Amino acid sequence: MRPFTYVRAQSAPNAVQAVAAAGDGGKFLAGGTTLYDLMKLDVEAPTTIVDIRGLEGMTDITVDATTGLRVGAMASMTEVATHPDVDRAFPALAESLSLAASRQLRNMASVGGNLLQRTRCAYFRGNGDLSYPCNKREPGSGCSAIGGLNRGHAVLGGSDACIALYPGDWAVALAAFDASIETLSPRGTRTISIHDLHREPGDTPWVEHTLEPDELITTITVPSLSYGRASTYYKIRDRESYAFALASAAVAVDLDGDTVREARIALGGVATRPWRARDAERSLAGQPLIERTARQAGELAIAGASPGRHNRYKVELAIRTVADALRIAGERGNP
Amino acid sequence: MVKKESEATKVTLNRRELLQAATLGAAATVAPQMGETADAASQALAQVGTPAVPTPARVLMNATINGERVSLDLDPRTSLLDALREHLGLFGAKKGCDHGQCGACTVHLDGQRVASCLTPAVQVDGREVLTIEGLAGPDGSLHPMQRAFIDHDALQCGYCTPGQIMAAVACVAEGNAGSDADVQEAMSGNLCRCGAYVGITQAVRQVAGQDGGAS
């Protein structure tokens with residue numbers, strides 16, 4: 001690990017000033033489960049670390065029937081996952097967190113930091129061997145996953161420069177519910193739609209989101225949704241627990257009897273960013289929620305997939321994951 | 001007979017005590033030398049015109065570890081796991097993967113289980129840490145979870161066991177031990193390559209049953 005200067009922030013305004021003052025090498029440290037991990041691998045090498053753990057007023061969780069959910073960015077994954085009001089109003093949000101990582105890591109990681117979790121692509125992480133080209137780690141060096149071992153890589157949203165998977169679950173569920181994030185920087189505060197936070201790799205895979213280096217996520221908000229409780233986060237993994245998604249779906253359905261009024265569908269485990277599937281949602285409106293329509297929604301959700309040599313299975317898996325998630329959410333809507 | 005036993009106790013150092021003595025001795029004698037070496041290296045670099053690697057300022061960490069106040073002067077890169085093992089001679093928490101993937105380093109921080117390998121030690125300042133060494137009673141009587149691991153033969157090589165036990169104690173305290181399936185899910189962050197999972201699950205269930213899952 002490269003040496004760095006450690007700064008303990010006294011407040012959020014103090015933290016963003018400190019990162020701004022540090023220039024290019026400044027980074028916020030929240031739970032540390034991604035940043036500190038990648039620093040050990042020499043993939044991240046910040047020159048200044050600004051520790052924001054323990055800052056006051058950044059861990060509050062409130063659920064309101066009219067205004068919806070507000071979560072402080074420094075609340076832990078555990079705190080949000082086990083919050084009874086969150087689970088009641090938006091079970092998909094609670095599940096996206098409780099099905100991620102292990103309890104140890106969920107106790108450490110913040111829900112703000114989790115949004116910016118970096119890819120698990122083995123060529124990016126290197127795992128002790130940084131000799132493989134990776135455009136994300138070393139711009140312009142090439143992509144080893146395209147034509148390489150790409151079983152875990154994205155089939156949607158990739159480019160000729162990068163097919164690294166966005167590994168998170170929480171951001172996928174937030175995308176289904178049209179969440180927003182509030183940020184603070186030395187230039188003030190702003191609100192960004194979750195849909196505008198993550199970027200597809202394009203020609204610049206090392207630019208993964210739209211935040212400035214000195215911009216701190218302070219709050220995550222989710223507008224209230226009458227049928228939020230008819231939702232699920234359904235996650236398929238290589239093993240039953242403690243693994244990243246091979247395919248996942250955050251789904252909510254508004255049912256009138258057996259007929260779908262409105263649906264929300266977002267995919268994880270298959271794309272370079274959280275992937276909202278609006279064509280699939282539209283295909284269900286006014287239709288009965290049955291096996292045929294659910295599968296068709298799954299097919300539309302993964303439409304345009306461009307699999308590589310080892311990840312073709314993700315196409316059929318995603319279709320079935322969406323269809324099963326629709327069934328589970330539907331049962332919660334019509335118990 | 002009694003005299004013999006006490007004599008035996010006097011001269012017997014177990015493996016852990018030996019390691020502790022060695023580590024603390026090494027820390028006392030080697031640390032200044034390491035500082036000198038680093039200074040010499042950076043002087044040499046300065047002489048050949050290569051920009052010297054910035055030497056990070058040391059950071060003071062004050063924490064309560066197993067009920068004892070501890071003050072450490074650390075390189076900010078140090079993990080809690082390395083602080084425990086290399087600076088405090090507490091070898092219970094194990095370094096398996098060093099990347100938060102195996103659970104062998106599990107300790108409690110302010111009552112919550114964490115991966116100590118992914119916890120920068122500087123973030124522990126002002127907080128309370130409990131490791132496997134602090135789990136038994138002051139009279140040395142085993143914690144019920146330690147007892148249960150023995151009862152159910154919940155280990156083979158033992159390398160993952162301190163992490164398993166710390167996770168298991170937390171699992172019961174969290175109320176996540178109501179069924180075998182709950183235990184399997186809540187303990188999934190702790191890998192056991194010997195495959196003692198059946199015994200581990202039984203041990204956790206036994207302790208949860210003893211106190212109704214309340215603690």
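How many residue pairs are in polar contact across the interface of domain 1 of chain B and domain 2 of chain B? The tour below leads to that interface.

This is a predicted model, in which local features need pLDDT of at least 70 and side-chain atom pairs count only at pLDDT 80 or more, while totals for chains, interfaces and linings use all residues. Residues are numbered from 1 along each chain as its sequence is written, chains are lettered from A and ligands numbered from 1 in the order in which they are written, and side-chain values use heavy atoms, with hydrogens and water left out.

Begin with chain A: select 5-54 for domain 1 and 231-329 for domain 2, the bounds coming from an automatic or database domain assignment. Their C-alpha centres lie 36 Å apart.

Next, in chain B, select 59-134 as domain 1 and 144-208 as domain 2. The C-alpha centres of these two domains of chain B lie 21 Å apart. Domain 1 of chain B brings 14 residues to the contact and domain 2 of chain B brings 15 (contact: heavy atoms within 4.5 Å).

Now select B:His108, B:Arg113 and B:Ile132, which supply 48% of the area that domain 1 of chain B buries against domain 2 of chain B.

Then display B:Arg113 with B:Glu174: they form a salt bridge, with the closest N and O atoms 2.8 Å apart (the rule: a side-chain nitrogen of Lys or Arg within 4 Å of a carboxyl oxygen of Asp or Glu).

Finally, the opening question: across this interface of chain B, the rule finds eight residue pairs in polar contact, both residues at pLDDT 80 or more. A polar contact is a pair of N or O atoms within 3.5 Å; within protein, one must be able to donate a hydrogen and the other to accept it, and residues adjacent in sequence count only if both atoms are side-chain atoms.

Technical notes: Buried area is the accessible area (1.4 Å probe) that two parts lose on being put together, summed over both.
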